[in-house]
Amino acid sequence: MDDYLKKQGVTKQIRMLALKHAMKLWYDEEEEHRDWDKIVTQVTLYFQDLLLEKPVGGITFDKKIINLVGPTGVGKTTTIAKLAAFCVLKKQKKVALITTDTYRIAAVEQLKTYAKILNIPLEVAYSIDDFKRAIDQFKHYDLVLVDSAGRNFRNQLYVEELNKVIDFKQDAQTYLVLSLTSKYEDMKEILAQFDLISIQKVILTKKDETSTYGAMLNIPLELGKGIAYVTTGQNVPDDIVEASVPFLLDCLFEVKK
Ligand SMILES: Nc1nc2c(ncn2[C@@H]2O[C@H](COP(=O)(O)OP(=O)(O)O)[C@@H](O)[C@H]2O)c(=O)[nH]1
Ligand SMILES: [Mg+2]
């Protein structure tokens, strides 16, 4: 089991927890009743208990604004489109989009296309003032999804300005988008880079491009961040799953213990 978890990229610390738990169960059981498969199931349940204490799960609509931040190319814009479609079509919510990714024309065009298909408004914010106006304009909407180039969130001045525009405690949540294809050590570093703003949850993308899912345990259990969604391919709007504890455990343990 330890080898398997190691291959999945689960950190040593978390593997030690699993091992300790397994050993205790093993030696607490009378010798003739010891059964390794049963222990593995119980270790899965142990992880389940740990995960249930973390904020795993998607948008709850108690915060109106959701910012998606993260490195270039991880799938922020695609994920915004999937989330917008889900909230419009499945939840019948009034959704609007703002993008602050004005570095590349193609990035704006990409989101414009999705907004058009879904028939929802999109505002392009070139400055904090634009952003303020857009937020105001969308005050009667249920949800405003904010796309970004990510890098502006690493700029202290930008973040301070943004803090004046949005009351983060009241109105907004920020999700960090990370690709499952990247190394956990890199994910940790990216998370640290974004510590100017508080990140509530992580969205893990590109599950279809890897079979290593350790981050699904490491991020909640070691870094204390919840997981909101996992994306599973390039298709908008279908390739997205709302994270849940059973889903995360299924991904991790489906292959073999
Ligand atoms: N395989 C795979 N590709 C994805 C997924 N999500 C996004 N992509 C692709 O990743 C590329 C970058 O996506 P984009 O949304 O523009 O990333 P951004 O720079 O973070 O906004 C595009 O080719 C997307 O189709 C996913 O879940 N699986
Ligand atoms: Mg983008």
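The structure is a predicted model, in which local features need pLDDT of at least 70 and side-chain atom pairs count only at pLDDT 80 or more, while totals for chains, interfaces and linings use all residues. Residues are numbered from 1 along each chain as its sequence is written, chains are lettered from A and ligands numbered from 1 in the order in which they are written, and side-chain values use heavy atoms, with hydrogens and water left out.

Helices (H or I, at least four residues) and strands (E, at least two) are DSSP runs numbered from the N terminus. Axes are lines fitted to C-alpha atoms, for helices over the stretch in contact, and angles run from 0 to 180 degrees between N-to-C directions.

| Helix pair | Angle | Axis distance |
|---|---|---|
| α3 (residues 36-52) and α11 (residues 245-253) | about 140 degrees | 10 Å |
| α3 and α10 (residues 215-223) | roughly 50 degrees | within 10 Å |

Helices α3 and α11 are therefore oblique to each other, and their crossing is right-handed (the near helix is turned clockwise from the far one by less than a right angle; anticlockwise is left-handed). Contact, meaning heavy atoms within 4.5 Å, involves Thr44, Phe47, Gln48, Leu51 and Leu52 of α3 with Val245, Leu249 and Phe253 of α11.

Helices α3 and α10 are likewise oblique, but the crossing of α3 and α10 is left-handed. Here Phe47, Leu50 and Leu51 in α3 meet Met216, Leu217, Pro220 and Leu221 in α10.

Eight strands form an open sheet of mixed pairing, ordered β3-β2-β4-β1-β5-β6-β7-β8; two strands pair if DSSP finds at least two bridges between them. Strands β3 (122-124) and β8 (240-242) each have a single partner, so one side of each lacks a neighbour in the sheet. Neighbouring strands are turned by 25 degrees against each other on average, direction ignored. Strands β5 (residues 172-179) and β6 (residues 201-205) run parallel and are joined by five bridges.

Ala85 lies in helix α4 (residues 76-90). With a relative accessible area of 4%, Ala85 is buried (under 20%; exposed is over 50%, partly exposed in between, with a 1.4 Å probe and protein chains only). Not counting residues up to four places away in sequence, Ala85 touches Lys90, Leu118 and Pro237.

How values were computed:
Parallel < 35°, antiparallel > 145°, perpendicular 65-115°, else oblique.
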